[in-house]
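Biologist: I would like to learn how to read a structure feature by feature. Can we take one together?
Modeller: Gladly. Here it is.

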Amino acid sequence: MTKLFYQGHGSFRLTAADGRVVYVDPYAGEGYNLPADLILVSHQHGDHNQVELCTQKPGCKIISNVEALQGGKHNSFDLDGIQIQAVEAYNKNHNPAECVGFIITIDGVKIYAGGDTSKTTQMETFADMNLDYALLCGDGFYNMGLEEAAECARLIGAKHNIIIHVKPKALFDRELAEKWEAPNKLIIEPNEEITL
């Protein structure tokens, strides 16, 4: 079974059933000791792109917004059965030509990592994908707030919704997460790991 370890802020780690490790937007918290097979970076803001924090296996692949948007389109990648699809991410603080979200399929589990975004037009197509998990930001300062993040969760229709990047300059804020009125809400604290 795939495991998700939440480091805090917008950072989390996925561990596949076969032991392969994927880091998403490394920056915050602990838990970068497992050697990475893949590192995903949604954009180049300093609170999302600290790849040097991650222990890396020889041949570790890094897919950032640069590779994800190469050729002016949202690209997809297949790394021996771990599938990555770049998707739109943007708001007033994040240029759509420099930012992406990712849909990650690992062990048959589909995970939407929204990156730094607000509601996008592409989200209207996500319900057809039958996503298992959606990780959405909601700090209301650099990104959409909790109300819009809840609207996105309803639009996307994932089986489970997880709020991250919930408070500027903080790993997490449980009180704000509790206020999030999204369907199928899961609250994960930093340094907590769940089985997907």
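Biologist: Which residues does V21 touch, not counting residues up to four places away in sequence?
Modeller: Note that this is a predicted model. V21 touches R13, L14, T15, L34, P35, A36, D37 and L38. V21 lies in strand β3, residues 21-24.

Biologist: Is V21 buried or exposed?
Modeller: The cut-off for buried is under 20% relative accessible area. V21 is at 3%, so V21 counts as buried.

Biologist: Now the interior. What is the general idea for cores?
Modeller: In soluble globular proteins, nonpolar side chains tend to be buried together. Here the largest nonpolar core has 55 residues. I104, Y112 and I156 touch the most other members. Helix α2, residues 146-156, gives the most to this core, with six residues.

Biologist: Which residues are in contact with I156, leaving aside its neighbours within four places in sequence?
Modeller: I156 is in contact with Y112, M123, F126, A127, L131, A134 and L136.

Biologist: Take W180. Where is its place?
Modeller: W180 is in the loop between α3 and β12. Its relative accessible area is 1%, so W180 is buried.

Biologist: What does W180 touch, not counting residues up to four places away in sequence?
Modeller: W180 touches L136, L146, A149, A150, A153, N161, I162, I163 and K185. For a view across the model, take W180 and A68. They are 112 residues apart in sequence and 30 Å apart in space, C-alpha to C-alpha.

Biologist: Next, empty space. How is it found?
Modeller: Rolling a probe the size of a water molecule over the atoms shows where empty space is left. This structure holds one cavity of 30 Å³ or more. The largest cavity has a volume of about 60 Å³.

Biologist: Which residues line the largest cavity?
Modeller: The lining is G10, F12, V24, D25, S42, F102, A113, G114, G115, L135 and I164. By class, these residues divide into six nonpolar, four polar and one charged.

Biologist: How much space lies in the largest pocket?
Modeller: About 200 Å³. The pocket is lined by 14 residues, and the closest to its centre are H9, Y27, D47, Y142 and K169. The lining has six nonpolar, five polar and three charged residues.

Biologist: On to polar contacts in loops. Which side chain joins that of D173 in a polar contact of 3.3 Å?
Modeller: The side chain of K167. D173 lies in the loop between β11 (160-164) and α3 (174-179). A polar atom of the D173 side chain also lies 2.9 Å from the backbone nitrogen of L176.

Biologist: Is D173 buried or exposed?
Modeller: D173 is buried, with a relative accessible area of 16%. Leaving aside its neighbours within four places in sequence, D173 is in contact with V166 and K167.

Biologist: What about N49? Where is its place?
Modeller: N49 is in the loop between β4 (36-41) and β5 (56-64). At 18% relative accessibility, N49 counts as buried. The side chains of N49 and Q44 make a polar contact of 3.1 Å. Leaving aside neighbours within four places in sequence, N49 is in contact with P26, V41, H43 and Q44.

Biologist: Last, backbone angles. What is phi of D107?
Modeller: Phi of D107 is near 55°, a positive value in a residue other than glycine. D107 is in the loop between β8 (100-106) and β9 (109-113). At a relative accessible area of 42%, D107 is partly exposed.

Biologist: And what is phi of N184?
Modeller: Near 50°, again a positive value in a residue other than glycine. N184 lies in the loop between α3 and β12 (185-186). N184 is partly exposed, with a relative accessible area of 48%.

Methods
Residues numbered from 1 in each chain as written. Predicted model: local features only at pLDDT ≥ 70, side-chain atom pairs only at ≥ 80, totals over all residues. Heavy atoms only, no water. 1 Å grid on protein atoms, 1.4 Å probe; cavity = no way out; pocket = protein on both sides within 12 Å on 5 of 7 lines; lining within 4 Å. Points joined across faces, edges and corners; volume = space filled by probe spheres on them. Nonpolar A, V, L, I, M, F, W, Y, C, P; charged D, E, K, R; others polar. Helix = DSSP H or I, 4+ residues; strand = E, 2+ residues; numbered from the N terminus. Buried < 20%, exposed > 50% of the residue type's maximum accessible area, 1.4 Å probe, protein only. Polar contact = N/O pair within 3.5 Å; in protein donor to acceptor, adjacent residues only side chain to side chain. Contact = heavy atoms within 4.5 Å. Core = buried A, V, L, I, M, F, W, Y, C linked by side-chain atoms within 4.5 Å.
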